[in-house]
Amino acid sequence: KFDFNNDKNIAETLLKPTYIYTDLIKKKPKNLKLHGISHITGGGLIENPKRSYGKDLSLIIDCSTYKIDPLFMWIKEKANLDWYELFKTFNCGIGLLVYVDKKNSSKLLDHLKYLNFNSWIVGKMKKKDKNLVEALLFAASEPLDVSTIKSKLKTGTDVLKILYELQKDYSDRGVNLVQLADKWSFRTADD
C-alpha cells in the first residue's frame with residue numbers, strides 16, 4: 001500500500017497497462033489539423049516530445065497547469081530523484097502531447113472533453129534561438145539551481161539568459177520567476 005493512498009496496491013498500480021490513444025485520434029474532427037503527437041513512455045517528458053517536432057523548435061512545459069499525481073511524487077521521494085531525472089524517466093501524468101495551432105486548441109479540448117478525456121493546455125512551442133533549450137517549469141516545486149541546470153545542458157548554454165526569457169514570458173500570466181541567491185523559483189500571486 002502507498003503512504004498517500006491505502007486503497008491502492010503498489011504492484012497493481014505500477015503494472016497498470018499504458019492507455020492506448022488510437023481512438024482519440026481516429027475520432028478527431030476532420031478539419032482539426034494536428035502538427036504532431038508524442039506518446040510519453042520511456043524517456044519521459046524530456047526525451048519523447050522532441051521526436052515530434054523540428055530541431056528549430058523548443059517545447060516549454062508549464063507544470064503549474066496541472067497537479068502531478070501523488071504516485072510520481074512518491075517515486076521521486078523513494079528513489080531520491082531530482083526533478084530532471086523524474087521528468088526524464090516518467091510521464092508524470094501526461095500520457096500524450098498533441099501539437100496544434102493555438103487557434104485550434106479550444107476545438108481540440110472540446111473534442112477531448114466530449115470523449116470524456118481529461119485534457120488541458122500544458123505549454124507552448126517556441127522558436128529556438130542559438131542559446132535557447134527545452135525547459136520545464138517546476139512551478140510550486142523545488143527552486144531551480146543554476147549550477148544543477150548547467151550540468152544537465154550542453155556546455156556553453158547561457159542558463160541565466162534562458163531564465164530571464166522565461167521570467168519575461170510568464171510575468172503576464174500571474175506567475176513570477178524570482179531569484180534568491182543562485183536559486184530561482186516560480187511564484188504565483190497567491191504566494
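Trainee: How many salt bridges does a search of the whole structure find?

Mentor: The search finds one salt bridge. The general idea: side chains of opposite charge can pair when their charged atoms come close. The cut-off is a side-chain nitrogen of Lys or Arg within 4 Å of a carboxyl oxygen of Asp or Glu. This is a predicted model, where local features need pLDDT of at least 70 and side-chain atom pairs count only at pLDDT 80 or more, while totals for chains, interfaces and linings use all residues. Residues are numbered from 1 along each chain as its sequence is written, and side-chain values use heavy atoms, with hydrogens and water left out.

Trainee: Which residues form the salt bridge, and how far apart are the closest N and O atoms?

Mentor: Glu47 pairs with Lys50, and their closest N and O atoms are 3.9 Å apart.

Trainee: What describes a pair of aromatic rings?

Mentor: The distance of the centres and the angle of the planes. Rings of Phe, Tyr and Trp (its six-membered ring) pair if their centres lie within 6.5 Å; planes under 30 degrees apart are stacked, over 60 edge-to-face, the rest tilted. Here the whole structure holds six aromatic pairs.

Trainee: Which residues do ring pairs link into a cluster?

Mentor: Tyr19, Tyr21 and Phe117.
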